[in-house]
Amino acid sequence: MIRGIRKVIQHNGRVQRGERAVVITNPEMRPIADLLVAELTAHGADVRQYVVPTRTHDGQEPPADAVAAMQEANVIVSPVSVSITHTRAMRSALARGARAILMTAHNERVLTCPALLETDFNAQAPVGRAIGAAFQAGKMVHLTSDKGTDLRIPIANRPVNILTGVPGPGELAPVPTIETNVVPVHGATEGILVADGSIPYIGIGVLAEPVVCTIERGYIVKMEGGAQAKRVEVALRAHGNRECFNVAELGVGLNPHATLSGFMLEDEGVMGSIHIGIGTSFTLGGEIVAPTHYDLIMLRARLEIDGRVVMENCQVKV
């Protein structure tokens, strides 16, 4: 675990002596947070730690004192049980130049997995940038799979995020994920999404059977499958907010050492996987703020941009 902690701080975070570092955690994650604080201190950072009550759902804002510290930070590290990534506080801190290392639900397995310890994050960056350039130049994504996915996703002039795992100012890194994502045109995605990989939230993880979503005018209008599909739908509807069903993101996983495990920050980075994020798009540069942001992950999809195949059978073709 110490080796993983050191890599996160030194390689991914590139923390420098004298930088202001803010560690936000909750009681359940305190052991990992304490290791991070010790490493940051040893590395010469000016560290502040905030132990906040565990959030009741992904995307719930942190308390005011933690939010204020985030706005003054050079680097934010978030070992939390429930994600604070898709919050106004995080978006505001990034806009002020912070770089964020996201460690939602990290545990001993994640800190010792090959996806973190064996990955050369800098070496993968050119692939992520190539896909990012394809998204930036593109107008329409056509996403298909042999499981039945058939989605058309307009992306013309939309925000693109290249998450290399080594963030610069104003960037975030959901370590050990490497991904490139784009925010679809709001209200325009149409078709069928079949998630057959995982939904690593609310205790679901790796899927026992596919979750089939019908999408109309940018929103999921029907969710079918087994008990896991029902659990996701019930959780989303409990918020009483239509935006929880908004198609917020199309992401491509790019970490060659990541495996499907049920942990969010590894699953969405599996090389060649695709995830469709639903709910909040605000932190990614979009306009929608919702109480949640969940990723629905599929494997072995075919991704075309304006008729050009960009990825197929987990192989990137740019």
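Which elements do the buried residues of α1 pack against?

1. **The model.** This is a predicted model, in which local features need pLDDT of at least 70, side-chain atom pairs count only at pLDDT 80 or more, and totals for chains, interfaces and linings use all residues. Residues are numbered from 1 along each chain as its sequence is written, and side-chain values use heavy atoms, with hydrogens and water left out.

2. **Overall build.** The protein has nine helices and 20 strands. Both are DSSP runs, numbered from the N terminus: helices are H or I with at least four residues, strands are E with at least two. The radius of gyration is 18 Å, close to the 20 Å that the globule rule gives for 318 residues, so the protein is as compact as a globular protein of that length. That radius is taken over C-alpha atoms, and the rule is 2.2 Å times the number of residues to the power 0.38. Along the principal axes, the C-alpha atoms fill a box of roughly 50 × 40 × 35 Å. Of the 318 residues, 59% are buried. Buried means under 20% relative accessible area, exposed over 50%, and partly exposed in between (1.4 Å probe, protein chains only).

3. **Helix α1.** This helix covers residues 2-12, and its buried residues are G4, I5, K7, V8, I9 and N12. They pack against α2 (30-42), β4 (99-102), α5 (108-111), α6 (114-117) and α7 (121-137). Contact here means heavy atoms within 4.5 Å. Just after α1, R14 has a positive phi of about 50°.

4. **Contacts along the chain.** Take the contacts with a separation of 6 or more. Residues 24 or more positions apart account for 70% of them.

5. **I297.** This residue sits in strand β17 (residues 293-298). Its relative accessible area is 0%, so I297 is buried. Neighbours within four places in sequence aside, I297 is in contact with A195, D196, G197, S198, P200, D267, E268, S273, I274 and H275. N74 is 223 residues from I297 along the chain, and their C-alpha atoms are separated by 32 Å.

6. **T214.** Strand β13 (residues 211-216) holds T214. T214 counts as buried because its relative accessibility is 17%. Setting aside residues up to four places away in sequence, T214 touches G191, I192, Y219, I220, V221 and K222.

7. **The largest pocket.** A pocket is an open set of points on a 1 Å grid over the protein atoms alone, where a 1.4 Å probe fits, with protein on both sides within 12 Å along at least five of seven lines; lining residues have an atom within 4 Å of a point. The largest pocket holds about 270 Å³ of space. Volume is the space filled by probe spheres set on the points, which are joined across faces, edges and corners. Its lining has 17 residues, with D58, S81, P200, Y201 and I202 nearest the centre. Nine are nonpolar, seven polar and one charged. Ala, Val, Leu, Ile, Met, Phe, Trp, Tyr, Cys and Pro count as nonpolar, Asp, Glu, Lys and Arg as charged, and the others, Gly among them, as polar.

8. **The second largest pocket.** Here the space is about 180 Å³. Among the lining residues are R91, L94, A95, G170 and T283. The elements giving two or more residues to this lining are α4 (88-95) and β7 (160-163). β7 gives the most, with four residues. By class, the lining has seven nonpolar, three polar and two charged residues.
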